[in-house]
Amino acid sequence: MIAASNIVHVVLTGGVGSRLWPLSRKTKPKQYLDLFDGCSLLEMTIDRNKSIANRLIIVGNVENHSLSCKVMEKFSLEHSHIVEAAPRNTAAAIAFAAFQSKEEDVLIVTPSDHIINGEEEYLVALKQAVEIAENNYLVTFGIKPSKPETGYGYIEFEGNHVLAFHEKPSLDKASDFLEQGNFYWNSGLFCFKAGVFLQELQKQEPEVYSRARTAWEANDSGFLDFDLSMQIPSISIDYAVMERSSNIKVVASQFDWSDLGSFESVYDYLVKKGHQADANGNILIGSAIHTSFIGVENCLLVHTPDAFLVVKKENSQEVKQVYQELEAANSPLL
């Protein structure tokens, strides 16, 4: 255990992974796919933090609740489920976990779908974050950029002080950030006392706080009411709290990190793990059928029983547009 504090690991499992379609579907989002060393990202997330926390809270939704329960059958850990009736974004999701916890509990909040390598470096970062959180700060984790990435938000910093948060930039602006040297990728990992977070949420977004509290007080064994949930404004923790509070610190994280939010990051991860690529850097995912790529490079061919996707690695962020088109057409392929 990191410290004497009561540490609660809060796992957010609500994402649909739209940029990883057709692998990731509403019926089985990317965090449940056994693509990573025979494990799912959710399993890896729980396993990574099980020696750190006293307790585990899984915040999900009615669509993925049974999938989360199936994963938890593999663990003997004290845990609870918070089941959202409708997605209301991360500010409300984290508020529910904070309401379920004691005010002095230190929450380590992690998405369920990230890859982290470097256990020792990860523990060092968590120890630093817990120590800072015990002094009543809200802590975010910054990742040193390895390239000008347009798919991540950025944290502008000086020491461990956050100067500003920046939304996903253009390529030129991302290159400028890299040159300046005092910008981290925003990892989406957080650490704070439950009570401190709720105080800040109430200060910055009183309606989110009050509506979430009303919904939580009416919960039935962790299951939330649909009508009460729909009254909660849908807003992320970044917009609601982190970008507006003066009480934020950042921990510089030395571990290898990826949110696997696009096929470009999946490509990089799989190739690093030895996934076969041809001489021009093309790879095949989801099929054992011999496939030849001619006249193209750095492409992924993704195969599922009902769909193919061919995408150039550098254009992987555009997969979300395909997902949105299918969603607009009410396609059964989602």
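**Entry 1: K313 and its partner**

I started with K313, which forms a salt bridge with D268, with the closest N and O atoms 2.9 Å apart. My note on the term: a salt bridge is a side-chain nitrogen of Lys or Arg within 4 Å of a carboxyl oxygen of Asp or Glu. K313 sits in the loop between β14 (307–312) and α11, and D268 sits in helix α10 (residues 263–272), so the pair ties together parts that are 45 residues apart in sequence. Helices (H or I, at least four residues) and strands (E, at least two) are DSSP runs, numbered from the N terminus.

Before going on, I wrote down what I'm looking at: a predicted model, where local features need pLDDT of at least 70, side-chain atom pairs count only at pLDDT 80 or more, and totals for chains, interfaces and linings use all residues. Residues are numbered from 1 along each chain as its sequence is written, and side-chain values use heavy atoms, with hydrogens and water left out.

Buried or exposed, I asked of K313? K313 counts as buried, at 15% relative accessibility. The cut-offs are under 20% relative accessible area for buried, over 50% for exposed, and partly exposed in between (1.4 Å probe, protein chains only). D268, at 30%, counts as partly exposed. Through shared partners, salt bridges join K147, E149, E264, D268 and K313 into one network.

**Entry 2: other salt bridges**

How many salt bridges does the rule give? The count comes to 15. As a reminder to myself, side chains of opposite charge can pair when their charged atoms come close.

I looked up K26 next, and K26 forms a salt bridge with E327, the closest N and O atoms being 3.6 Å apart. K26 lies in the loop between β1 (7–12) and α1 (41–49), while E327 lies in helix α11 (residues 319–328), so this pair ties together parts that are 301 residues apart in sequence. K26 is partly exposed, with a relative accessible area of 40%, and E327 is partly exposed too, at 41%.

Then came D105, which forms a salt bridge with R55, with 3.8 Å between the closest N and O atoms. D105 is in the loop between α3 (89–100) and β4 (106–111) and R55 is in strand β2 (residues 55–61), so to speak distant parts of the chain, 50 residues apart. D105 is buried at 4% relative accessibility, and R55 is buried at 18%.

**Entry 3: aromatic rings**

Rings of Phe, Tyr and Trp (its six-membered ring) pair if their centres lie within 6.5 Å; planes under 30 degrees apart count as stacked, over 60 as edge-to-face and the rest as tilted.

F99 and Y209 have ring centres 5.6 Å apart and planes at 55°, so this pair is tilted. F99 belongs to helix α3 and Y209 to helix α7, 110 residues apart. F99 is buried at 17%, and Y209 is buried at 11%.

F157 and Y184 have ring centres 3.8 Å apart and planes at 5°, so this pair is stacked. F157 is in strand β7 (residues 154–158) and Y184 in strand β9 (residues 183–193), so the pair ties together parts 27 residues apart in sequence. Both F157 and Y184 are buried. I also found Y152, W185 and W257 linked into a cluster by ring pairs.

**Entry 4: α6 against α7**

Helix α6 (residues 194–204) and helix α7 (residues 206–217) pack at an angle of about 120°, with their axes 5 Å apart. Axes are lines fitted to C-alpha atoms, for helices over the stretch in contact, and angles run from 0 to 180 degrees between N-to-C directions. The two helices are therefore oblique to each other: angles under 35 degrees count as roughly parallel, over 145 as roughly antiparallel, 65 to 115 as roughly perpendicular and the rest as oblique.

Which residues meet? L198, L201, Q202, K203 and Q204 in α6 meet P206, V208 and Y209 in α7. Contact means heavy atoms within 4.5 Å.

**Entry 5: helix α1**

Last, I checked α1, where eight of the nine residues are buried, so this helix is largely enclosed by the rest of the structure. Among the buried ones are L41, M44 and R48. The buried residues of α1 pack against elements including β1, β2 and β4.
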